[in-house]
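Let's take a guided walk through this model together, one part at a time. Please keep the viewer open as you read.

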Amino acid sequence: MDLRELYQDIILDHGQHPRNFHKLDHATHFANGHNPLCGDRVTVYVELDGDKIRDVSFEGRGCAISQASASLMTEILKGKTPAEADALFKSFHAKVTGRDDASVPPALQDDAERLEPLTGVKTYPARVKCATLAWHAFEAALKSGATGATVKTE
Amino acid sequence: MTLDPATLRRDFPIFANNPGLVFLDSAASSQKPAAVIDGIANFYRTDYANVHRGVYRLSARSTELYEQARARVARFLNARQESEIVFVRGATEGINLVAYAWGGTFLKEGDEVLLTELEHHSNIVPWQLLRDRIGFKIVVAPIDATGGLDLAALEKLISLRTKLVAVTHLANATGALVPIEAIAPLAHAKGAKLLVDGCQAAPRLALDVQALDCDFYVFSGHKIYGPTGIGVLYAKKAILDAMPPFQGGGDMILNVTFEKTIYQGPPARFEAGTPDISGAIGLALALDYVDGVGRGAILEHEEILTGYGVDRIARLPGVRLVGAGQQRLGILSVEAEGIHPHDLATLLDAQQVAVRAGHHCAQPLMERLGLGATTRASFGIYNDERDIDAFAAAIQVAQKTFKR
């Protein structure tokens with residue numbers, strides 16, 4: 001496989017210069033994600049306003065894939081509802097695990113396509129968890145609320 | 001007496017079945033020669049039956065092969081007698097056995113177990129589990145600024161409270177060689193026992209447990225060109241004699257009634273249930289293979305490759321070798337500036353270079369070195385300078401990929 005398929009410019013850009021990389025002072029929800037296999041750690045902060053994700057950010061350290069995935073996720077999720085976020089995660093998860101059986105509504109198509117560069121990990125099974133770590137943390141944040149939680153990749 | 005990796009490589013079917021593979025992860029697990037693979041299959045085809053049980057001749061033959069394997073290991077380690085060799089699943093089980101049976105009997109509150117910062121989790125966690133039950137103290141000897149064990153600091157930490165010094169022979173995360181010969185007299189002078197984790201040393205060094213004067217020595221079969229699921233615990237006979245059983249079951253008893261059970265002597269006392277018979281026989285074949293190649297030649301080969309690798313990496317801009325003290329053997333742990341080890345390992349994998357990336361089950365050492373993870377290349381008898389060149393070239397491709 002061509003290395004550039006996995007490490008596309010957009011991934012290197014977001015991996016080396018992650019967006020929304022800071023703590024969120026007004027977070028209503030947050031959670032820690034930890035991949036014990038490689039030691040990657042990410043904390044995802046969410047500010048939920050009614051049924052809208054007003055703001056989302058992250059902090060942490062890890063490989064280019066995990067950092068780029070977290071960065072792209074925060075850009076995409078701003079302004080979405082938790083249900084839309086869930087649909088995006090489901091379709092993303094299906095794609096990175098080599099399935100393609102979870103589609104998103106037309107309104108989310110553009111956002112789903114922005115995550116396309118990350119789906120190259122599907123040929124590297126050991127790296128799938130790097131791409132999904134931030135999403136798992138986001139999901140755990142919404143579930144746990146302001147008390148925080150720690151989610152581990154299995 | 002030098003060995004020829006290109007010739008030896010033909011003994012390992014994995015390479016014919018994976019053309020172009022540059023395998024640099026023998027510290028995690030080595031590949032297996034055909035002599036081991038076929039020998040195990042042949043044993044199942046011609047001589048297999050359960051051991052120590054049957055009165056029939058086939059079982060007697062299987063038992064003889066199993067016990068010959070024990071004698072083979074005793075010879076490999078230069079143990080005084082075969083009964084000092086206990087077959088276990090691997091070094092991890094060996095250390096857990098010592099912690100449970102020896103530590104659980106002889107350690108008490110107020111005692112100290114001395115570990116080092118170089119240890120693999122398998123030589124840390126069993127002692128923590130036991131400490132939480134008994135309440136002794138775990139003391140940790142530090143590394144020095146170069147990454148080697150600080151022997152002077154270790155000496156100061158050994159006291160009359162120290163009941164056990166448990167130390168690696170060769171650090172799996174960095175390749176730092178530990179001078180066991182120097183530690184044994186220090187431990188024994190204070191009445192402490194010495195346990196050595198020989199996982200990385202056994203495939204690379206000639207071993208003599210009598211000369212090392214260690215009380216316990218453990219290693220895993222799968223890292224020394226043998227099968228998975230088998231390993232060795234060596235312990236001095238007098239110590240094994242004083243230890244209660246580890247697990248209860250068949251084969252470890254002399255007589256059982258519901259009121260009282262009389263146990264076997266060592267080593268049977270520590271091998272409850274049907275053992276990994278084919279694993280032990282496969283391990284003996286692996287040791288035959290290693291001795292056939294020659295342990296002197298293997299050490300020389302590993303030293304040459306290590307030296308070559310150190311020089312090669314020193315000439316790579318943006319790549320730093322993680323320190324391993326005064327003596328490094330068979331293992332090179334590197335950091336590439338601006339590239340996370342997992343990205344690096346994936347980029348190397350795409351070029352057919354197989355290495356390990358991560359904390360190498362030595363998180364306290366990584367923490368001490370200020371690293372989350374490293375990328376590790378480790379050598380076996382089938383590796384040569386071209387593999388190291390391929391490793392270096394693949395790193396440069398990775399750097400280009402990341403800096404475009």
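Predicted model: local features only at pLDDT ≥ 70, side-chain atom pairs only at ≥ 80, totals over all residues.

In chain B, the domain assignment gives domain 1 as 5-26 + 294-403 and domain 2 as 37-291. The C-alpha centres of domain 1 and domain 2 of chain B are 28 Å apart. Where these two domains of chain B touch, domain 1 supplies 25 residues and domain 2 supplies 26 residues. On the domain 1 side of chain B, the elements giving two or more residues are helix H12 (295-314), strand S12 (331-336) and helix H14 (363-368). H12(B) provides the largest share of that side, five residues.

Strand S12 leads us to a sheet. In chain B, four strands form an open sheet in the order S11-S12-S15-S14, with antiparallel pairing. S11 (319-321) and S14 of chain B stand at the edges with a single partner strand each, so each has one side without a neighbour in the sheet. On average, neighbouring strands of this sheet are turned by 30 degrees against each other, direction ignored.

Now look at S15(B) and its two partners. S12(B) and S15(B) run antiparallel and are joined by four bridges. Within this pairing, Val334(B) has Thr375(B) of S15(B) as its bridge partner, and Leu332(B) has Ala377(B) of S15(B). Strand S14 (residues 356-358) of chain B also runs antiparallel to S15(B), with three bridges between them. Here Arg356(B) stands opposite Arg376(B) in S15(B).

Why is S15(B) described as largely enclosed by the rest of the structure? Five of the five residues of this strand (residues 374-378) in chain B are buried, so S15(B) is largely enclosed. Both faces are covered: Thr374(B), Arg376(B) and Ser378(B) are buried on one side, and Thr375(B) and Ala377(B) are buried on the other.

What lies across these strands? Helix H13(B) lies across S12, S14 and S15 of chain B, and runs at about 160 degrees to S14(B). This helix (residues 341-349) of chain B is mostly covered, with eight of its nine residues buried. Among the buried residues of H13(B) are Pro341(B), His342(B), Asp343(B) and Leu344(B).

Phe87(B) counts as buried because it has 24 C-beta neighbours inside 10 Å, where the cut-off is 20 or more. Leaving out residues up to four places away in sequence, Phe87(B) touches Arg70(B), Ile230(B), Val232(B), Glu271(B), Pro275(B), Asp276(B) and Ala280(B). The C-alpha atoms of Phe87(B) and Ala286(B) are separated by 15 Å, with the two residues 199 apart along the chain.

Our last stop is the contact between the chains. Chain A contributes 17 residues and chain B contributes 12 residues. On the chain A side, helix H1 (3-6) and helix H3 (64-77) of chain A are the elements that give two or more residues. H1(A) gives the most to this side, with three residues. The side of chain A that touches chain B consists of 12 nonpolar, two polar and three charged residues.

Notes
Residues numbered from 1 in each chain as written. Chains lettered and ligands numbered in written order. Buried ≥ 20, exposed ≤ 12 C-beta atoms within 10 Å, placed from the backbone. Domains from an automatic or database assignment. Contact = placed C-beta atoms within 7 Å. Nonpolar A, V, L, I, M, F, W, Y, C, P; charged D, E, K, R; others polar. Pairing = 2+ DSSP bridges. Axes fitted to C-alpha atoms, helices over the stretch in contact; angles between N-to-C directions.
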